[in-house]
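Trainee: Could you take me closely through one part of this model, the strands and what packs on them? I would like a connected account that I can follow with the structure open.

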Amino acid sequence: MTIAIGFEGSANKLGVGIIRHIGAKVDILANVRDTYITPPGEGFLPRDTAQHHRDCILAVMKKAMDQAQVKPEDIDVICFTKGPGMGAPLTSVAVVARTLSLLWDKPLVGVNHCIGHIEMGREVTGASNPVILYVSGGNTQVIAYSQHRYRIFGETLDIAIGNCLDRFARILNLSNDPSPGYNIEQYAKRGKNYIPLPYTVKGMDVSFSGILSHIEMVAKEKLPTGQVTPEDLCFSLQETLFAMLVEITERAMAHVESQEVLIVGGVGCNIRLQEMMEQMAKDRGGQVCAMDERFCIDNGIMIAHAGLLAHHTGYCTPLDKSNCTQRFRTDEVYVSWRED
């Protein structure tokens, strides 16, 4: 039996999770999160987000340990997000993980944020060897496993889909509570008229910045006149972006001959995205493996789980190499715990 505590703070969500591995069995003992929410129309700055994490990390950690009913001596390994993400928030959380490693005399494991999402998704859904659509505020990638690496088959050429949705929410002055993407999803459910938007798929890659510029122009020109509604704009943006993602995911499924799609990352909570992907997979005789907000949205439990998988194979992050990095690609990680 091995117990790990995981710290996630790569963006505006601070998460602390505690997990227990007993052989092949996985027990989630605690999954606590606190989100930094800014006023409508505003994004979150790295400095302010880092301050939020510093202010509440000890309280979140105590709550997680109380829920899990564990003490420092019960924990075998401390895991933290090494990257990718926003520099200041990442560092503020890593400092706490390093300090606890020294205080409690526990090994430290730095985790790739994207790998955390993937491994948590595989565990929760039971997906065996899926094509993975990773969609979040900072990342958009289509991924499949091969020879101890998660290979990137396609990705965004500019901004991530979550960033695109967040920025459009700011244009409409939508609330950031609980998240801009969630509120766009609710508006889109009431939209009825599709407004044509650019559709930018380039091979296996996608581009969102031009679509965002176009829909911003439409909003400024037609919203004041009543020619379009915010609901129609949200509906049109979702349908266009998600259709692009379905296209490149289907192409990857055909290439690797997979019948499963695993959707991970915060945008993966979107029910409409899940529906569109489900229809595509069904037409191919496949299935979609999706999760709810407990595991789609950034959380500490995914970092604890992925860190513990690596730790079981003997991996440990030396203190002098526990620095964070804003750029840490999914395919850089050697996936030692999976067998080909």
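Mentor: Let us begin with strand 7, residues 140-146, where six of the seven residues are buried, so that this strand is largely enclosed by the rest of the structure; buried means under 20% relative accessible area with a 1.4 Å probe, protein chains only. The model is a predicted one, in which local features need pLDDT of at least 70 and side-chain atom pairs count only at pLDDT 80 or more, while totals for chains, interfaces and linings use all residues. Residues are numbered from 1 along each chain as its sequence is written, and side-chain values use heavy atoms, with hydrogens and water left out.

Strand 7 has an antiparallel partner in strand 6, residues 131-135, to which it is joined by four bridges; strands are DSSP runs of E with at least two residues, helices are runs of H or I with at least four, both numbered from the N terminus, and two strands pair if DSSP finds at least two bridges. Within this pair, Tyr 134 faces Gln 141 of strand 7, and the two strands make a hairpin that leaves four residues between them. Strand 7 is also joined by six bridges to strand 8, residues 149-155, again in the antiparallel sense, with Ser 146 standing opposite Arg 149 in strand 8. The hairpin of strand 7 and strand 8 has two residues between the strands, and Gln 147 there takes a positive phi near 50°.

From here we can turn to the five-stranded sheet, which is open, has the order 3-2-1-4-5 and is mixed in its pairing. Its edges are held by strand 3 (25-35) and strand 5 (108-112), and because each of these has a single partner strand, one side of each is left without a neighbour in the sheet. On average, neighbouring strands of this sheet are turned by 20° against each other, direction ignored.

Helix 1, residues 46-68, lies across strand 1 (2-8), strand 2 (13-22) and strand 3, running at about 145° to strand 3. Such angles run from 0 to 180 degrees between N-to-C directions, with axes fitted to C-alpha atoms, for helices over the stretch in contact.

The two helices also meet one another: the axes of helix 1 and helix 2 come within 7 Å and cross at roughly 35°. On the helix 1 side, the residues making this contact include His 53, Arg 54, Ile 57, Met 61 and Met 65, while those contributed by helix 2 include Val 93, Val 96, Leu 100 and Trp 104.

Key:
Contact = heavy atoms within 4.5 Å. Buried < 20%, exposed > 50% of the residue type's maximum accessible area, 1.4 Å probe, protein only.
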